[in-house]
Amino acid sequence: TEATMSVNAMLELLLANARYVPRIVWDASKPQMIHTRRVDCAKAHEQGWNATVPMREGLARTLAWYEAQR
């Protein structure tokens with residue numbers, strides 16, 4: 001699975017699976033956000049949990065589930 005992924009990369013993956021393409025406008029007048037955010041899964045790993053679905057596939061499944069709920 002991907003070790004790190006930017007919010008922009010997640011957005012691109014979601015849009016690649018979406019049935020529409022919204023117009024995205026970045027507001028350059030706002031301060032920049034944190035460039036990288038990482039989740040520490042050490043406690044989950046200690047309990048025996050490990051990710052089994054790659055981020056790309058998980059986002060696609062989540063979007064499909066969301067669309068099915070509409």
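In which kind of crossing does H1 pass H3? The crossing is right-handed, a label used when the near helix is turned clockwise from the far one by less than a right angle, with anticlockwise giving left-handed. What you're looking at is a predicted model, where local features need pLDDT of at least 70, side-chain atom pairs count only at pLDDT 80 or more, and totals for chains, interfaces and linings use all residues. Residue numbers run from 1 along each chain as its sequence is written, and side-chain values use heavy atoms, with hydrogens and water left out.

**The chain as a whole**

- The chain has three helices and zero strands, where helices (H or I, at least four residues) and strands (E, at least two) are DSSP runs numbered from the N terminus.
- Going along the sequence, you read the pattern α-α-α.
- Of the 70 residues in the chain, 9% are buried; buried means under 20% relative accessible area, exposed means over 50%, and partly exposed is in between (1.4 Å probe, protein chains only).

**How H1 and H3 pack**

- Two packed helices are described by the angle between their axes and the distance between the axes.
- Here, H1 covers residues 7–17 and H3 covers residues 55–69; their angle is about 50° and their axes are 9 Å apart.
- Those axes are lines fitted to C-alpha atoms, for helices over the stretch in contact, and angles run from 0 to 180 degrees between N-to-C directions.
- H1 and H3 are therefore oblique to each other, since under 35 degrees counts as roughly parallel, over 145 as roughly antiparallel, 65 to 115 as roughly perpendicular and the rest as oblique.
- On the H1 side, the contact (heavy atoms within 4.5 Å) is made by Met10, Leu13, Leu14 and Asn17, while H3 brings Met55, Arg56, Leu59, Ala60 and Leu63.
- Sorted by class, the contact of H1 with H3 has seven nonpolar, one polar and one charged residues; Ala, Val, Leu, Ile, Met, Phe, Trp, Tyr, Cys and Pro count as nonpolar, Asp, Glu, Lys and Arg as charged, and the others, Gly among them, as polar.

- Asn17 sits in helix H1 and is partly exposed, because its relative accessibility is 39%.
- Setting aside neighbours within four places in sequence, Asn17 is in contact with Ala60 and Leu63.
- Ala60, in helix H3, is 43 residues from Asn17 in sequence, yet their C-alpha atoms are 6.3 Å apart.
- At 25% relative accessibility, Ala60 is partly exposed.
- Leu63, also in helix H3, is buried at 15% relative accessibility.
- Not counting residues up to four places away in sequence, Leu63 touches Leu14, Asn17 and Ala18.
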